[in-house]
Amino acid sequence: VPCIKRLLSMGLPMALQTSITAIGSVILQASVNSLGSTVVASITAGSRLYMFFACAYDAMGVTMSTYSGQNIGARKNLTVLGRAVKACNIVGIIYSVLALLIIVFLGKWMLLLFVDAGETAIINSAYWVSCVQWPF
């Protein structure tokens, strides 16, 4: 029973975070759908560009939760864990700056992966969406 409590205390916050994100996405999509097809296409393209860059954050989160769980389970020194978290945060900050620069300067061209070049209104709106969505 103590093991179950410990696992739940670590897993429930992550499950809650995922649930809140999913519920927010459904609410956002319902609101966007009422704004017309150009806005829907812009949000979709901008979100795809955002998701492309956000994969690194997902990987860092999974990596650190696994690393933390293993170290806590093995009763390792928490100083080592603290250094790993600090290193991951530094990598995340550096990645954020580089990804932001790429999106700001190359975002419109990268959107051509998802949108036809003739759809300038969608590209301009999607570029704005991808820049605004970026997690600062």
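**Close-up 1. Asn-71 in helix α2 of the predicted model.** In this predicted model, Asn-71 belongs to helix α2, the helix that covers residues 37-73. Because buried means under 20% relative accessible area, Asn-71, at 10% relative accessibility, counts as buried. The side chain of Asn-71 reaches the backbone oxygen of Tyr-67, and the distance between them is 2.8 Å.

**Close-up 2. The largest pocket and its lining.** The volume of the largest pocket is about 910 Å³, and 23 residues line this pocket. The elements that give two or more residues to the lining are α1, which covers residues 2-33, and α2. Of the elements, α2 gives the most to the lining, with 13 residues. The lining residues that lie nearest the centre of the pocket are Gln-17, Thr-21, Tyr-50, Ala-54 and Asp-58.

**Close-up 3. The largest nonpolar core.** The largest nonpolar core has 12 residues, among them Ala-45, Leu-49 and Phe-53, as well as Ile-103, Met-110, Val-115 and Tyr-127. The elements that give two or more residues to this core are α2, α3 (78-110) and α4 (120-133), and α4 gives the most, with 4 residues. Ala-45, one of the residues of this core, can be followed to its contacts: leaving aside residues up to four places away in sequence, Ala-45 touches Leu-111, Phe-114, Val-115 and Ala-126.

**Close-up 4. Ser-96 and its polar contact with Tyr-57.** Ser-96 is found in helix α3. With a relative accessible area of 19%, Ser-96 is buried, because the cut-off for a buried residue is under 20%. The side chain of Ser-96 makes a polar contact with the side chain of Tyr-57, and the distance given for this contact is 2.3 Å.

**Close-up 5. Ala-30, an exposed residue of helix α1.** Ala-30 has its place in helix α1. The relative accessible area of Ala-30 is 51%, and Ala-30 is therefore exposed, since a residue counts as exposed when this value is over 50%. Ala-30 and Leu-112 are 82 residues apart along the chain, and in the model their C-alpha atoms are separated by 25 Å.

Key: Residues numbered from 1 in each chain as written. Predicted model: local features only at pLDDT ≥ 70, side-chain atom pairs only at ≥ 80, totals over all residues. Heavy atoms only, no water. Buried < 20%, exposed > 50% of the residue type's maximum accessible area, 1.4 Å probe, protein only. Polar contact = N/O pair within 3.5 Å; in protein donor to acceptor, adjacent residues only side chain to side chain. 1 Å grid on protein atoms, 1.4 Å probe; cavity = no way out; pocket = protein on both sides within 12 Å on 5 of 7 lines; lining within 4 Å. Points joined across faces, edges and corners; volume = space filled by probe spheres on them. Core = buried A, V, L, I, M, F, W, Y, C linked by side-chain atoms within 4.5 Å. Contact = heavy atoms within 4.5 Å.
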